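Take a walk through this structure with the coordinates open.

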Number of protein chains: 2
Amino acid sequence: MQLYEFLTHHQVEQIHEASLNMLEQVGIEFRYPPALEVLSKGGARVEGERVYLSPQLVESQIKKAPAQFTIYARNPDNDVVIGGDNIAFVPGYGAPFVTDMEKGRREGTLLDFQNFVKLTGASQFQDICSGMVIEPTDVPAERRHAEMIYTALKYSDKPIMGSAMGDKCARDSVRMASILFGNERELAQKPRMISILGSLTPLSYDDRMLGAIMEYARAGQPQLISTLAIAGATSPATMAGTLALQNAEILAGIVLTQLVREGTPVVFSGSSSNAEMRSGALSIGSPEMAINTAATAQMARYYNLPSRGGGAVSDAKAPDAQAAYESMMSLLMAQVSGINFVLHTAGIFESYNCMSYEKFIIDDEICGMVKKIKKGYEVNEDTLGLAVIKETGPGGHFLDKDHTLKHFRSEFYLPSLSDRDSFDDWQAKGSPLCMQSANQMFKEILAAYEAPELPEGADRELRKFIETL
Amino acid sequence: MQLYEFLTHHQVEQIHEASLNMLEQVGIEFRYPPALEVLSKGGARVEGERVYLSPQLVESQIKKAPAQFTIYARNPDNDVVIGGDNIAFVPGYGAPFVTDMEKGRREGTLLDFQNFVKLTGASQFQDICSGMVIEPTDVPAERRHAEMIYTALKYSDKPIMGSAMGDKCARDSVRMASILFGNERELAQKPRMISILGSLTPLSYDDRMLGAIMEYARAGQPQLISTLAIAGATSPATMAGTLALQNAEILAGIVLTQLVREGTPVVFSGSSSNAEMRSGALSIGSPEMAINTAATAQMARYYNLPSRGGGAVSDAKAPDAQAAYESMMSLLMAQVSGINFVLHTAGIFESYNCMSYEKFIIDDEICGMVKKIKKGYEVNEDTLGLAVIKETGPGGHFLDKDHTLKHFRSEFYLPSLSDRDSFDDWQAKGSPLCMQSANQMFKEILAAYEAPELPEGADRELRKFIETL
């Protein structure tokens, strides 16, 4: 197996050099005094909020982050390894709106959040419970992060994500994990959550993100250091320039994590794309984003760090053909390029503004197909099947052969959603569109879902903690 | 740039060895006396219709086929290079049915065929006019092949495909090309068509295909030597065994072409997939087919031959999300794996049984995105944009920079179909599904299409030829 590489090795080095050049000569703003202090102590040149990083400082710090790490789940069967030859899928994140075919588009609620946790828990292909699938607008802002973490812990036993809303929310996230999983030393040894913290392109980080970055680094919890540059709007209209800028920002963020706590697990996370130039708005279903995903995987490998990119992402407003082709493009590209962590693998569209119940089901099928491709196959005497081919000979068939019965279940992906019936059989069912079948399926899954029980005492303690907020 | 490789180099060699073993020990049936004669004279051991090929014979013959060749178009701007770093897209082929959202599914007619030729002619992304997009059932069988070739020549000036329906139809195809492009010697020097000729899996070729293979080889016209093994039905349920069997059949076909005429341009063409085991029917939207596409590209490179695989293929019955995610999977996989020739890049679904007007438009967008990814980008001082990044600095924006205005048009793919509007703008348009926009578009394209004129004399001569059939 050989991964797809969009860039040549020389191009990777050109991008790296350009990024170091930016960090040394243009600098980057860290709008948070505690971060400035750490960076200054660590050897960076600090002028006001502008921080200049030398190539030596960058290169020496990023080496300290691990190439691979594990996020531990409530159920140990669901532990997830990030890095190496692994790929982890995490559903949509951060949408203000939610939609389904019956109720239409509306603001998200905690019940919607709970439903998406259940769909994640029920899925074979989603590995981590997304941190903020939708914004639950019916919960008071000061408790929103805590209710989401509680819901994720209660309704699924997969690993969770922490809040990205500043130092206090990060602290609350860690404390809630502590209630279930032990004290901070134990948490640091066996990380229980991952969070996504992003730069403010071009070339800055704000106090909210920096507060959370430093908090999670101190607690030894993994984080995605993430840049979403919008080519033509917040970064150059060239995808090479956008990649170089993205690279500089991610490296700067990682330097900070390692200065706070050497060995903090981080993911090199690039989700840059381009602007739709008529409006200046972000496009996430573009081939430019897929290209940037492939390039991001290569840059991360160059630094020997786990990578994040891609997703089942789309600019469509309905779970239709556009939603599907954009999502498959971006997700398959992530896989063949060797991305390790994919956020937004189910449900999101409308350029990150909306989560769709039907699209969640459609994307979960896409995830299954992409993971099947990743699995590869064995080539040996048995799988080459020379014996059964000789036995069958020209003009014969294999339907009833022992070799077929032995292998087909593990060799062939069995779709949950895709319709492979004949036209007549499909018509007899009422000619359902894929989105209609998905609508049926999400309701059936939610109706049948049984949440893995939380220990009663822990549940009570978590509720008590939330009440103090 | 580095292509995706599904197999290791060792696995490629294992497949190769297994195929040679099959051809030498099991043999392959050629049900056509003239082919048996050529193979016997060429050094194969022939027993009845069973032909046994030694590794030496196979390896010495396949070396004679060119690694790259050109198919010449009526309009030289549309000449297509097959092989090397190139990828050629050709719309759907061989569907008995046709459908659109208004008229529904019905048998194909010559008018439908003409419409698809026009859509191909109008497309930026389709490179060759497919040979038998749909079966025009309103044309008498004896003239059907000729009417399709005439229609392809008349309504587009892209390269065409020849008929695969036996030696006589192949001869007619060559004669019609001759009317436009000169005598057989000239045709052999500048090939004007490519045809798809397939084995009958497992391990046989029938007289119709062999007649056409030999005819085209004599005329020096390129051909796809193609195998579609159905894992679990016509080949082992293991994809490795299916690949080995596919490989054996393609190699045997190529040996025949080179024995007929050394240097006949061929494409190593593998479109094997798996059976839906409940029904035994072919599935083409499966990840197994995508895997086989990637492996086929590698096998072809191992033999230094152009490859064919993948396509915008689907088992869906409507131009919905399933149609789109399956098509994007298969087409993007072909591209990242280095496939050179992709048949079925627009319109086909229902496991090759039906052409959809709306899906043609949807797939054409997919083709555009995939070609954009293939294009790659330059990394140099200008595209890295250090100057404009320095000028903009932290917190600035790039929307109005000269660098942006200079680059965005060539850097960003401009979609024709994909909707990137805001939710409100999309809703104001009536919330169109992708298939509805595609329905609009195909009608607009057909209404606006102006066919590139055929020289009047040639037109008359072609009609006269058809009347003799």
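Pro202(A) sits in the loop of chain A between strand E10 (193–198) and strand E11 (204–205). The model is predicted. In it, a cis peptide bond links Thr201(A) to Pro202(A), with omega about 0°. Chain B has a cis bond too, from Thr201(B) to Pro202(B), with omega near 0°. Pro202(B) lies in the loop between strand E10 (193–198) and strand E11 (204–205) of chain B.

Most peptide bonds are trans, and most residues other than glycine have a negative phi. Glu350(A) has a positive phi, near 50°. Its place is the loop between strand E19 (348–349) and strand E20 (354–356) of chain A. Glu350(A) has a relative accessible area of 5%, so it is buried. In chain B, turn to His344(B), which is not a glycine and has a positive phi of about 70°. His344(B) belongs to the loop between strand E18 (341–343) and strand E19 (348–349) of chain B. Because its relative accessibility is 5%, His344(B) counts as buried.

Two further loop residues of chain B come next. Ile87(B) is in the loop between strand E5 (80–83) and strand E6 (88–90). Is Ile87(B) buried or exposed? Its relative accessible area is 13%, and buried means under 20%, so Ile87(B) is buried. Beyond its neighbours within four places in sequence, Ile87(B) contacts Asp127(B), Gln335(B), Ile339(B), Asn340(B), Val342(B), Lys371(B) and Lys374(B). Val26(B) is 61 residues from Ile87(B) along the chain, and their C-alpha atoms are separated by 35 Å.

Thr238(B) is found between strand E13 (230–231) and helix H9 (239–260) of chain B, in the loop. Its relative accessible area is 0%, so Thr238(B) is buried. What does Thr238(B) touch, not counting residues up to four places away in sequence? The residues are Thr383(A), His403(A), His407(A) and Glu411(A).

Now the helices. H5(B), residues 141–155, has 15 residues. Its first and last C-alpha atoms are 21 Å apart, close to the 21 Å expected. Of these 15 residues, 11 are buried. Among them are Arg144(B), His145(B), Glu147(B) and Tyr155(B). The cover over the buried residues of H5(B) includes helices H4 (110–122), H6 (166–181) and H18 (456–467) and strand E9 (160–161) of chain B.

H10(B), residues 287–302, should span 22 Å with its 16 residues; the end C-alpha atoms are 23 Å apart, which agrees. H10(B) is mostly covered, with 14 of its 16 residues buried. Asn304(B) follows H10(B) and has a positive phi, near 60°.

Two packed helices are described by the angle between their axes and the distance between the axes. In chain A, H6(A) and H18(A) pack at about 160°, with axes 9 Å apart. H6(A) is therefore roughly antiparallel to H18(A). The crossing of H6(A) past H18(A) is right-handed. H6(A) contributes Asp172(A), Arg175(A), Met176(A), Ile179(A) and Leu180(A) to the contact, and H18(A) contributes Ala458(A), Glu461(A), Leu462(A), Phe465(A) and Ile466(A). By class, 7 residues of this contact are nonpolar, 3 are charged and no residue is polar.

The axes of H12(B) and H17(B) come within 8 Å and cross at roughly 95°. H12(B) is therefore roughly perpendicular to H17(B). Their contact has 10 nonpolar residues, 1 polar and 1 charged. Tyr357(B), Glu358(B), Ile361(B) and Ile362(B) are on the H12(B) side. Residues on the H17(B) side include Cys434(B), Met435(B), Asn439(B) and Phe442(B).

Conventions. Residues are numbered from 1 along each chain as its sequence is written. Chains are lettered from A and ligands numbered from 1 in the order in which they are written. This is a predicted model: local features need pLDDT of at least 70, side-chain atom pairs count only at pLDDT 80 or more; totals for chains, interfaces and linings use all residues. Side-chain values use heavy atoms; hydrogens and water are left out. Helices (H or I, at least four residues) and strands (E, at least two) are DSSP runs, numbered from the N terminus. The expected span of a helix is 1.5 Å times one less than its number of residues. Buried means under 20% relative accessible area, exposed over 50%, partly exposed in between (1.4 Å probe, protein chains only). Contact means heavy atoms within 4.5 Å. Axes are lines fitted to C-alpha atoms, for helices over the stretch in contact, and angles run from 0 to 180 degrees between N-to-C directions. Angles under 35 degrees count as roughly parallel, over 145 as roughly antiparallel, 65 to 115 as roughly perpendicular and the rest as oblique. A crossing is left-handed if the near helix is turned anticlockwise from the far one by less than a right angle, and right-handed if clockwise. Ala, Val, Leu, Ile, Met, Phe, Trp, Tyr, Cys and Pro count as nonpolar, Asp, Glu, Lys and Arg as charged, and the others, Gly among them, as polar.
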